[in-house]
Amino acid sequence: MFEYVEKIKNADLKNYSTFKIGGKGIILFPKSICELKKVIADCKKNGLDYFILGNGSNVLFPDYDLKITLISLKNFKKIKKNGDFLQVDAGVNMFFLNKYCLDNHLSGLEWSYGIPASFGGLVHMNGGAYGSCIGDFIKKVKVLKNGKVMWMDKDGLNFSYRASNIKGIILGAEICLKSEDKVKIEEKQRYFFECRKSTQPLEYPSAGSIFKRKGEIIPAKIIDELNLKGTRVGGAEISQKHAGFIINKDNAKAIDVLALISYIKRKTNLNLEEEIVVLR
Ligand SMILES: Cc1cc2nc3c(=O)[nH]c(=O)nc-3n(C[C@H](O)[C@H](O)[C@H](O)COP(=O)(O)OP(=O)(O)OC[C@H]3O[C@@H](n4cnc5c(N)ncnc54)[C@H](O)[C@@H]3O)c2cc1C
């Protein structure tokens with residue numbers, strides 16, 4: 001099966017997650033919408049569960065071999081410019097998109113500089129930082145749903161905190177930015193990246209914030225107030241630098257991270273909800 005598509009059969013999933021945790025699994029890399037449709041159809045025909053993998057910056061893979069078929073859109077990587085509008089494919093890396101914006105004097109996404117995501121993953125999660133989120137810039141989203149490619153207009157889209165109402169596979173989106181002096185864009189990118197470096201444990205593998213904010217409740221603040229920073233299970237540790245992050249300090253296993261998550265939930269007793277996607 002899947003002989004027609006680029007794939008890695010026994011992929012070391014550690015290398016496909018910013019957490020650097022995981023067993024082995026199969027990853028498919030379709031090169032076109034046509035191939036993607038065929039892959040999905042074949043998964044369905046053969047009763048295989050599949051999962052769309054972006055840059056793996058918000059996922060925790062299990063320690064054992066994954067049964068789910070991973071589908072990466074990394075080959076969907078075109079950016080098309082039309083004035084201040086950009087059509088961006090889902091597989092475009094956010095570092096690359098920010099570089100493209102800088103080179104083309106387009107401002108708006110500087111807040112995202114340093115988020116190790118794919119564009120499609122960021123849209124799916126409505127990723128954001130420093131008071132902005134990707135949903136603010138989206139005009140329409142290209143989706144593959146029930147075997148059909150369709151564009152969803154801003155009117156039909158609902159972006160909320162770290163979530164969107166987009167069902168289906170995001171193939172790309174059109175975003176609206178504004179022309180700006182290159183020097184100013186670079187200054188802003190540098191500023192936001194410095195903010196990240198000074199507050200986030202970028203020197204260790206992680207998946208960003210583990211828990212979603214809950215209304216006014218900021219999990220990192222509560223975890224900090226309970227003096228849980230530095231708490232460790234196996235190789236996983238609540239970051240000393242940012243209490244909202246669990247870091248892979250020393251060859252952590254998924255079970256270490258999950259045990260630490262349970263521990264935090266017990267201690268905080270606030271029914272916190274994970275922001276990361278845990279694959280089992
Ligand atoms: C150091 C660090 C800092 C971070 N900082 C931030 C931050 O400031 N703000 C923030 O919001 N997040 C942040 N994150 C978390 C993470 O980068 C975001 O959640 C990001 O949106 C995930 O994108 P991804 O491409 O890595 O998706 P993945 O982690 O691969 O997948 C996440 C989810 O998106 C789905 N998905 C991915 N691509 C598609 C697609 N094309 N169509 C449909 N579904 C798709 C997946 O199925 C999965 O459910 C950070 C993470 C790290 C490690």
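So, Ile-52: one of its backbone N or O atoms sits 2.6 Å from an oxygen atom of the ligand, where a polar contact is a pair of N or O atoms within 3.5 Å. Asn-55 also comes in with a backbone N or O atom, at 2.8 Å from a ligand oxygen. With Ser-118 it's a polar side-chain atom, 2.6 Å from an oxygen of the ligand.

Quick caveat: this is a predicted model, with local features needing pLDDT of at least 70 and side-chain atom pairs pLDDT 80 or more, while totals for chains, interfaces and linings use all residues. Numbering runs from 1 along each chain as its sequence is written, and side-chain values use heavy atoms, leaving out hydrogens and water.

How much of the ligand does the protein cover? It's 93% of the 970 Å² of accessible area that the ligand has on its own, by Shrake-Rupley with a 1.4 Å probe.

Around the ligand there are 35 residues, each with a heavy atom within 4 Å of it. Ile-52, Gly-54, Ser-57, Ser-118 and Gly-128 are the closest. Helix α3 gives the most to that shell, five residues; helices here are DSSP runs of H or I, at least four residues, and strands are E, at least two.

Now, the helices. α2 (94-103) and α4 (182-199) pack at about 155 degrees, axes 9 Å apart, with axes fitted to C-alpha atoms over the stretch in contact and angles running from 0 to 180 degrees between N-to-C directions. That's why α2 and α4 are roughly antiparallel, the word for angles over 145 degrees. Among the residues making the contact are Asn-98 and Leu-102 of α2, and Ile-185 and Gln-189 of α4, contact being heavy atoms within 4.5 Å.

Notes: Angles under 35 degrees count as roughly parallel, over 145 as roughly antiparallel, 65 to 115 as roughly perpendicular and the rest as oblique. A polar contact is a pair of N or O atoms within 3.5 Å; within protein, one must be able to donate a hydrogen and the other to accept it, and residues adjacent in sequence count only if both atoms are side-chain atoms.
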